[in-house]
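Please consult the sequence and the model shown here while reading.

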Amino acid sequence: MSSPPATPDPVRIRRAPPRFRRVEVSRVEPITPRLVRITLTGPELDGFALAEPAASVRLLLPASSAEDLVIPEWEGNEFLLAGGRRPAIRTFTPLRFDADTFELDIEAVLHGDGVASRWASSAAAGMSAAISGPGRGYTIDLDAPAFLLAGDETAIPAIRQLLEELPRATPTHVLIEVAQPDARFDLTGRADVAVEWHDLEAGAPPGDALVAAVRATALDDGTRVWAAGEAAAVQRIRRHLFEERGVPRPQTAIRGYWKHGRAGDDHKPAP
Ligand SMILES: Cc1cc2nc3c(=O)[nH]c(=O)nc-3n(C[C@H](O)[C@H](O)[C@H](O)COP(=O)(O)OP(=O)(O)OC[C@H]3O[C@@H](n4cnc5c(N)ncnc54)[C@H](O)[C@@H]3O)c2cc1C
């Protein structure tokens with residue numbers, strides 16, 4: 001008996017993410033030798049709005065400093081340029097947005113190797129980019145008894161934003177891993193928030209110091225955990241919390257922000 005012909009996998013069509021809005025750099029402010037704040041502005045930011053902290057935006061950049069910015073088309077599954085080339089798109093945390101001046105701040109880690117890191121390290125007023133988003137952020141449980149925020153340098157902008165929004169009376173503990181000691185700075189004016197900085201040892205995989213810090217931190221029942229950073233490291237944090245500590249998953253929000261050894265083009269639609 002002959003077997004029925006195999007049905008080809010249906011081509012997955014995903015809902016188009018929010019359109020790209022053209023912007024240009026209006027200000028650049030170094031925060032540490034490892035982190036720079038870039039203010040983006042442009043009339044196309046009219047109607048952009050931020051609802052929750054620790055959300056995301058896609059930043060579209062020219063493929064190289066020699067190229068003009070070209071807005072890609074959504075091809076059902078990903079953004080593509082003419083000829084099927086993949087555009088340079090990276091994900092950042094949208095910080096302050098001023099709806100009167102159409103100014104949006106992002107902060108980029110200067111880790112050295114990557115389209116966005118290189119672009120950020122030479123960012124200057126007038127440079128072109130485009131923004132799509134925002135994607136969903138973190139919904140704060142106002143009744144939570146305590147919060148633990150843990151992340152590497154890429155999570156610093158989101159952590160700072162979360163600290164502004166979390167209820168002041170709720171005990172909050174912050175763990176941050178930095179690749180260099182000069183990435184540390186005064187993260188919050190809040191004396192009531194314990195911020196622990198942890199240095200990554202030379203040669204250790206990214207996230208190693210963060211995972212150790214989470215393991216060493218006592219968690220009261222009901223503590224909400226928000227964590228973000230290198231994908232394999234946050235996976236270790238997930239496993240530790242769920243399997244060794246029995247933390248209920250709904251009390252956690254744990255996100256991979258980048259992958260060690262992999263360029264982070266992110267073409268997925270906003271959740
Ligand atoms: C929801 C979300 C929010 C984010 N918010 C921010 C933010 O506010 N600020 C921010 O700087 N990043 C943020 N990130 C992370 C950022 O998108 C990635 O770090 C991205 O890969 C940087 O792009 P790139 O072009 O510089 O490097 P890529 O071209 O993506 O990568 C090149 C190489 O550099 C490595 N690499 C990438 N990032 C780092 C890093 N931080 N440290 C060391 N090596 C790295 C890669 O593994 C790869 O080997 C966020 C990511 C997500 C998903």
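The structure is a predicted model, in which local features need pLDDT of at least 70 and side-chain atom pairs count only at pLDDT 80 or more, while totals for chains, interfaces and linings use all residues. Residues are numbered from 1 along each chain as its sequence is written, and side-chain values use heavy atoms, with hydrogens and water left out.

**Terms and total**
- A salt bridge is a side-chain nitrogen of Lys or Arg within 4 Å of a carboxyl oxygen of Asp or Glu.
- By this rule, the model has 15 salt bridges.
- Residues are called buried under 20% relative accessible area, exposed over 50%, and partly exposed in between (1.4 Å probe, protein chains only).

**The network around arginine 96**
- A network of salt bridges links Arg27, Arg96, Glu103 and Asp105.
- Within it, arginine 96 pairs with glutamate 103, and their closest N and O atoms are 3.1 Å apart.
- Glutamate 103 is buried because its relative accessibility is 14%, whereas arginine 96, at 33%, is partly exposed.

**Two further pairs**
- Arginine 37 and glutamate 29 form a salt bridge, with 3.5 Å between the closest N and O atoms.
- Glutamate 29 has a relative accessibility of 42% and therefore counts as partly exposed.
- Aspartate 113 and arginine 118 also form a salt bridge, their closest N and O atoms being 3.8 Å apart.
- Aspartate 113 is exposed, at 63% relative accessible area, while arginine 118 is partly exposed, at 45%.
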